[in-house]
Amino acid sequence: MDTTNLFRLDGRVALVTGGSRGIGKMIAAGFIAQGAKVYVSSRKAPACDETAAELGENCVSLPADVSTTEGIRALSAAFAEREGSLDILVNNAGAAWGAPFEEFPESGWDKVMNLNVKSPFFLTQALHPALKAAARADRPAKVINITSIDGLRLNPWDTYSYHASKSALIYLTKRMAARLVKDAINVTSIAPGAFASEMNRAARDHGDAVAKNIPARRIGVDEDMAGTAIYLASRAGDYVIGETIAVDGGIVNAALGTSVDP
């Protein structure tokens, strides 16, 4: 047994949606450090360009709006112009919405469900040929869906569509895994807890206060997220299929009546 290169990603090509900031950027940086070429995508081209410049020559800006099927097709076509195969797809682009039950709008429901559930499915479908082209029985291609601990347990806030979408994506991960394993494509998910990001401003702006309610007594850092993603994307995670890994400092499985912002 040789574990020397177990976590290396040399020669592999990855695409990370929502990759210009936050959790997506953490994952992209981790993949690049392990030798991968990473395409980062988000709606805002300047943000993608800035991240690509920061992360170096193995990071490529590929802006697109994956909230629509038209945007998904455009991203798939743009990727196909540059690469013949795709080793790793990270479905990270997402949205949240909070409003009281009595006032929760249809627009908030549709925006969140479309981006958090519909888009990962149809982007994976669009990139299926590229994933199959990379996949081998001894080195499967990987799809990693970024879900949330709010798909595993309740928080106290009025984030109805967010809860529903992340729970749905966790189960969709299982269903996609059952189908795509036949093509040597492994589908898994990561359920983050409190990480500093634009979506989780409480962890970003009040990390010490949030940490008091986390069993590990700290919020997540870049290496926590990158390490889990590298594990799933690399040879180390080749036998993990359909699973969701909570990366949360113990909130889901070790907390006693505590909560943090989504």
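Helix 4, residues 106–126, supplies the largest share of the lining of the largest cavity, 4 residues. The model is a predicted one. A search of the whole structure finds 1 cavity of 30 Å³ or more. About 50 Å³ of space lies inside the largest cavity. Its lining residues are Thr17, Val66, Asn91, Asn92, Ala93, Leu115, Ser119, Pro120 and Leu123. Sorted by class, that lining holds 5 nonpolar residues and 4 polar ones.

Helix 1 covers residues 22–33, which makes 12 residues. Its end C-alpha atoms sit 17 Å apart. At 1.5 Å a residue the span should be 16 Å, so the two values agree. After the helix comes Gly35, with a positive phi near 105°.

Helix 9 also has 12 residues, 222–233. From its first C-alpha to its last it reaches 16 Å. That is close to the 16 Å expected at 1.5 Å a residue. Which residues of helix 9 are buried? They are Met225, Ala226, Thr228, Ala229, Ile230, Leu232 and Ala233. What covers the buried residues of helix 9? The cover includes helix 1. It also includes four strands: strand 4 (88–91), strand 5, strand 6 (185–192) and strand 7 (244–247).

Now take Ala52, in helix 2, residues 45–55. Is Ala52 buried or exposed? Its relative accessible area is 11%, so Ala52 is buried. Leaving out residues up to four places away in sequence, Ala52 touches Cys59, Val60 and Ser61. Gly19 is 33 residues away from Ala52 in sequence. In space, the C-alpha atoms of Ala52 and Gly19 are 9.5 Å apart.

Loops hold the remaining stops. Asp150 sits in the loop between strand 5 (141–146) and helix 6 (160–180). Asp150 counts as buried because its relative accessibility is 2%, and the cut-off is under 20%. Which side chain does the side chain of Asp150 contact? It makes a polar contact with the side chain of Arg153, at 2.3 Å.

Further along, Ala184 lies in the loop between helix 6 and strand 6. Ala184 is not a glycine, yet its phi is positive, about 60°. Its relative accessible area is 17%, and therefore Ala184 is buried.

Arg217 also has a positive phi, near 65°, and is a residue other than glycine. Arg217 lies in the loop between helix 8 (207–211) and helix 9. Is Arg217 buried or exposed? At a relative accessible area of 56%, Arg217 is exposed. The cut-off for exposed is over 50%.

Methods: Residues are numbered from 1 along each chain as its sequence is written. This is a predicted model: local features need pLDDT of at least 70, side-chain atom pairs count only at pLDDT 80 or more; totals for chains, interfaces and linings use all residues. Side-chain values use heavy atoms; hydrogens and water are left out. On a 1 Å grid over the protein atoms alone, a cavity is a set of points where a 1.4 Å probe fits but cannot get out, and a pocket is an open set with protein on both sides within 12 Å along at least five of seven lines; lining residues have an atom within 4 Å of a point. Grid points are joined across faces, edges and corners, and a volume is the space filled by probe spheres set on the points. Helices (H or I, at least four residues) and strands (E, at least two) are DSSP runs, numbered from the N terminus. Ala, Val, Leu, Ile, Met, Phe, Trp, Tyr, Cys and Pro count as nonpolar, Asp, Glu, Lys and Arg as charged, and the others, Gly among them, as polar. Buried means under 20% relative accessible area, exposed over 50%, partly exposed in between (1.4 Å probe, protein chains only). A polar contact is a pair of N or O atoms within 3.5 Å; within protein, one must be able to donate a hydrogen and the other to accept it, and residues adjacent in sequence count only if both atoms are side-chain atoms. Contact means heavy atoms within 4.5 Å. The expected span of a helix is 1.5 Å times one less than its number of residues.
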